[in-house]
Amino acid sequence: MERILVTGALGLVGSELIIELQKKYGKENVIALDISPQPPTFEGVSVVGNVCDWELLKTIVDRYQVSQIYHLASLLSAGSEKNPDRAWNVNVGGLKNVLDLARDKNLRVFWPSSIAVFGNTTPKKDVPQHSSFEPVTIYGVTKVTGEMLGQYYYHRYGVDFRSLRFPGLNGTKAKPGDGTTEYAIHIFYGLVREKRYTCFLKPDTRLPMMYMDDAVRGTMMLMDAPVENISVRTSYNFSAVSFTPAELVQEIRKISPDFEIIYQPDKRQLIADSWPETIDDSIARNDWHWKESYDLEKMVVALYEGVKERVANEQK
Ligand SMILES: NC(=O)c1ccc[n+]([C@@H]2O[C@H](COP(=O)([O-])OP(=O)(O)OC[C@H]3O[C@@H](n4cnc5c(N)ncnc54)[C@H](O)[C@@H]3O)[C@@H](O)[C@H]2O)c1
């Protein structure tokens, strides 16, 4: 039986991935680790700690006989810019710890990269798997480094490192943070609370996005794929839908015709401008049969229902 460690478990991705992993492997076989002391939204084994603490990671892996690590703990794009040193230590140092443990204990590793690996020299449309990587953010720099490190550990030590370049992910099980693509979740809180939202990106900023259920499903598909199907050991291009704030608003107005939007771009606009609009993920589709199940219309309904429920629970 697999024993799974999920780091960064209380975050946007972790809180949804944990539930699916628990369904598949059993609650007792999924261990959650996060630096945040807040109580988890899920039941099961939970540890408070820092992924930069090698001894702690080693103790958890030994105590629970861990066989796979889903290493999600990270600072995101905007948070990394506020503290680049910390971003380097957590994003690169934490991954190095995980890879060293994977090498020593023969663990399979999932680690998410991001569309933030791309930069101004990357083509804007249908970015191919092998492209130009000149990110302008420290977050992107840590993600490019992580991809190279993972591939190095695969070639040098045989570590079964698997990774996806996540687009902007939209889910409702955890509170959204200050990420550049997260306007697409905050907008639903604006919709539910006051039928208006002030958007920090321009209306025509097209970015690759994905509903969280698809991201979780794709992650588990990649981790379950036979080893001979994995042809990419940096990180797979991984995509579902691309839309602009204006297109999202148009879709939201089908639910709420009088929804108001104000555009006040802030410094995240510069980050968004350095990222691609659409991604070619045909290698993931060929290798392990990736296919999204949420288009924009379906995602908007799911996000609206999810945020409505969250806000109602907050008010109880
Ligand atoms: N959310 C997205 O749209 C998106 C897009 C691309 C890539 N990703 C990647 O997916 C992963 C998860 O993202 P998320 O959206 O869930 O982020 P999040 O910010 O919601 O969650 C990250 C979690 O990591 C924890 N954490 C931070 N530093 C830690 C440390 N030193 N030790 C232990 N835990 C620590 C935080 O407390 C938080 O709960 C990250 O690697 C991120 O770069 C996310």
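Which unit do β1, α1 and β2 make? Together, β1, α1 and β2 form a right-handed β-α-β unit; right-handed here is the case where, with the strands pointing away from the viewer, the path from the first strand over the helix to the second runs clockwise. Helices (H or I, at least four residues) and strands (E, at least two) are DSSP runs, numbered from the N terminus. The model is a predicted one, so to speak of a local feature takes a pLDDT of at least 70, side-chain atom pairs count only at pLDDT 80 or more, and totals for chains, interfaces and linings use all residues. Residue numbers start from 1 along each chain as its sequence is written.

Strand β2 sits in an open sheet of seven strands, ordered β3-β2-β1-β4-β5-β6-β10 with parallel pairing; two strands pair if DSSP finds at least two bridges between them. The edges belong to β3 and β10 (236–237), each with a single partner strand, so one side of each has no neighbour in the sheet. On one flank, β2 runs parallel to β1 (residues 4–7), with four bridges joining the two, and V6 has A32 of β2 as its bridge partner. On the other, four bridges tie β2 to β3 (residues 45–48), again in parallel. There, I31 stands opposite V45, and L33 faces V47.

What about burial? Five of the five residues of β2 are buried, so the strand is largely enclosed by the rest of the structure. Buried means that 20 or more other C-beta atoms lie within 10 Å of a residue's own, exposed means 12 or fewer, and partly exposed is in between, with C-beta atoms placed from the backbone. Both faces of β2 are covered, with V30, A32 and D34 buried on one side and I31 and L33 on the other.

D34 belongs to β2 (residues 30–34). Because 23 other C-beta atoms lie within 10 Å, D34 counts as buried. Setting aside neighbours within four places in sequence, D34 is in contact (C-beta atoms, placed from the backbone, within 7 Å) with G8, A9, L10 and V48. A73 is 39 residues away from D34 along the chain, yet their C-alpha atoms are separated by 7.3 Å.

A73 also turns up around the ligand. The ligand is surrounded by 28 residues, the closest being G8, G11, A73, S74 and F166; a residue is near a molecule if its C-beta atom, placed from the backbone, lies within 6 Å of it. Elements giving two or more residues to this shell are α4 (84–105), β5 (108–114) and β7. By class, the shell has 14 nonpolar, 13 polar and one charged residues, where Ala, Val, Leu, Ile, Met, Phe, Trp, Tyr, Cys and Pro count as nonpolar, Asp, Glu, Lys and Arg as charged, and the others, Gly among them, as polar.

On the domain level, the chain splits into domain 1 (4–169 + 212–237) and domain 2 (171–208 + 241–277 + 294–314), with bounds from an automatic or database domain assignment. Their C-alpha centres lie 25 Å apart. Across the interface, 27 residues of domain 1 are in contact with 19 residues of domain 2. Both domains give residues to the shell around the ligand, so the ligand lies between them.

Definitions and conventions: Contact = placed C-beta atoms within 7 Å.
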